[in-house]
Protein chains: 2
Amino acid sequence: MAVSIKDIARAAQVSYSTVSRALNDSPLVKAETKERIRQVAAEMGYLPSAVARSLVMRRTQTIGVVVSTITDLFFAEVIHAIEETALRCRYNVILTNSGGDPQRELAAIRALCERRVDGMILVSGCSRRKDLCAEHKLDIPMVIINNVHQEHLGYSIEVDNIGGGRQATLHLLELGHRRIAHIAGPSREWDSVERQQGYEQALQAYGLEPDPMLITRGNSRPRGGIEAMERLLALPVRPTAIFCYNDATAIGAMRAAYAAGLRIPQDLSVVGFDDIDLAPYLEPPLTTVAQPKREMGARAVEMVLALLSGDQQVEDCVLPSRLVIRGSTMPPRIIV
Amino acid sequence: MAVSIKDIARAAQVSYSTVSRALNDSPLVKAETKERIRQVAAEMGYLPSAVARSLVMRRTQTIGVVVSTITDLFFAEVIHAIEETALRCRYNVILTNSGGDPQRELAAIRALCERRVDGMILVSGCSRRKDLCAEHKLDIPMVIINNVHQEHLGYSIEVDNIGGGRQATLHLLELGHRRIAHIAGPSREWDSVERQQGYEQALQAYGLEPDPMLITRGNSRPRGGIEAMERLLALPVRPTAIFCYNDATAIGAMRAAYAAGLRIPQDLSVVGFDDIDLAPYLEPPLTTVAQPKREMGARAVEMVLALLSGDQQVEDCVLPSRLVIRGSTMPPRIIV
DNA sequence: TTGAAAGCGTTACCAT
DNA sequence: ATGGTAACGCTTTCAA
């Protein structure tokens, strides 16, 4: 059984309030006593109980994170940033995954509330506002990264999806492409809607009307990218370039293109979104729209902490996205 | 402020012990009262405090996980399995990352102990046994997945690294390769040592002596794979095949090979280790030694729970690895 | 079937 | 500078 403050008090012949003070480096304790108590504590291998402390302090120094899956590199990298930043601020992170299911997400939030986390970060939260609020009896600061829904439901951190989609498409347009396809994400994801808007805006800026035949949908994972690409390849006139909802989708699309005997970028240019750490190492290195993952994670915890300290100034923030040109794009071979 | 059991007691006109019992579905409380109390609790939006409960129950229903980085897909996938399994068993997971630094790992373990996690899982724990034990005053079950050190320090889950390295190399040998290089992991990682042993055993089984020139070292990430590959490519006689410590290294190696104008697998066969989810989607799809990631994660939490329930039968387990042949390997063009 | 009270390991306030 | 004690929100005897 763990040694408690009382055990130390007994061993050091002082009251346990003194022990508590000494261990918390209170100036109210004589240096000498303090030293002795610490000695004893160390000898006895004392480790304070965060749970007892949490109970009385009413804060757990814990941030709850819910994410659909950590198995997607983009999420993993954001979470990594969250954890690092939290650690620096002496917070720990409880990680829960929802598998993208609103039911499970709600259950996860509930569990985090029961654990009395000081704040929560939802990465691509998938529930609707009213459900979330219903669950949200305790007023625990909650910030959402890349909210799946259009509706604002509190503090959120977004990336400029429209701008990103536009940049990606403009890049392709500037290279000379005209038949540019788009593989969107799941229809319910708002960021996908926005990226597609950017895509369409860019086309229109070039006087092109978005062609429904060239717009299809994946599932944000490679598998979906493959299937979408296969559909695109079956078209009477194939696209010469393609803008994908995210890097995972792009990886799938490239796989399908290779399987069909195409070369990238000679026969098909592809642009992704996210800029996962692996992007520069793919074959070919993937041109993609970078999201500032580290910053998104860091800002999320800073936002939670600001909220926690009663700061009312906190505002939603939308971070810029940035096109990173690598090897998966080039001018089309035949200008259409 | 959160509503507590006492608030409910007041509202429902019963003692708070009764409320506690009702909420825990104790048979000692009349169905009618139970129902009424629940009603009130629901109306008041009551959410039990896991921290108070943890204090009295002396268990937190929490498993602490420490990993070097979640940014590596292999780890991410193992952790995903841990989290899923834990959830099913009504446990939550506190995630901490050590960045592969023993100092930070120790600090993380200490933090987890203070939080009184019921058990801990170290994924590729990097500290030495004695340090770990020193830290381990409370006897918290601790299981290690892929222990970095040779020494056994408790319950661990390993994969058959030697067998995996052997299978990978035998596959290459059977294809007809004779100049087979190896890019190892960081020298301090025991699993790397074992995989290399497997590699050497296979060569010897074919009457080949491992050639130090063909054995180099990465850092378990793509960057290291690139650099290692560049060294290999600078050799007077290049290898025709290469077995890499892990998939991330293989990805880097392939990148360097492509950059040098080689084709894979025509000019160079490559085999990885891990079988990350992305492996089948790479170009070419990566031949690799699969680790049973889901099972490793699941077994780890089962082991923790078994230990927790006082089961003394728990034994270290080593899971089989399995070669998955995909497109990155083929017979060498010129048999040397 | 219900209530009263002790106790989990802390912090913090009030005395001394 | 130190000790005593209440309180945090819950579970669990022990009584009634």
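Helices α8 and α9 of chain A cross in a right-handed way, meaning that the near helix is turned clockwise from the far one by less than a right angle. Helices here are DSSP runs of H or I with at least four residues, strands are E runs of at least two, and both are numbered from the N terminus. The contact (heavy atoms within 4.5 Å) includes A:G165 and A:L173 of α8(A), and A:E194 and A:Y199 of α9(A).

This is a predicted model, where local features need pLDDT of at least 70, side-chain atom pairs count only at pLDDT 80 or more, and totals for chains, interfaces and linings use all residues. Residues are numbered from 1 along each chain as its sequence is written, chains are lettered from A and ligands numbered from 1 in the order written, and side-chain values use heavy atoms, without hydrogens and water.

Back to the two helices. α8 (161-175) and α9 (190-205) of chain A pack at about 40 degrees, with axes 7 Å apart. Axes are lines fitted to C-alpha atoms, for helices over the stretch in contact, and angles run from 0 to 180 degrees between N-to-C directions. The pair is therefore oblique, the class left over once angles under 35 degrees (roughly parallel), over 145 (roughly antiparallel) and 65 to 115 (roughly perpendicular) are taken out.

Now turn to chain B. Its open sheet has six strands in the order β7-β6-β8-β9-β10-β12, with mixed pairing. Strands pair if DSSP finds at least two bridges between them. β7 and β12 of chain B each have a single partner strand, so one side of each lacks a neighbour in the sheet. Inside the sheet, β6 and β8 of chain B run parallel, joined by four bridges. B:I180 has B:A241 as its bridge partner in β8(B).
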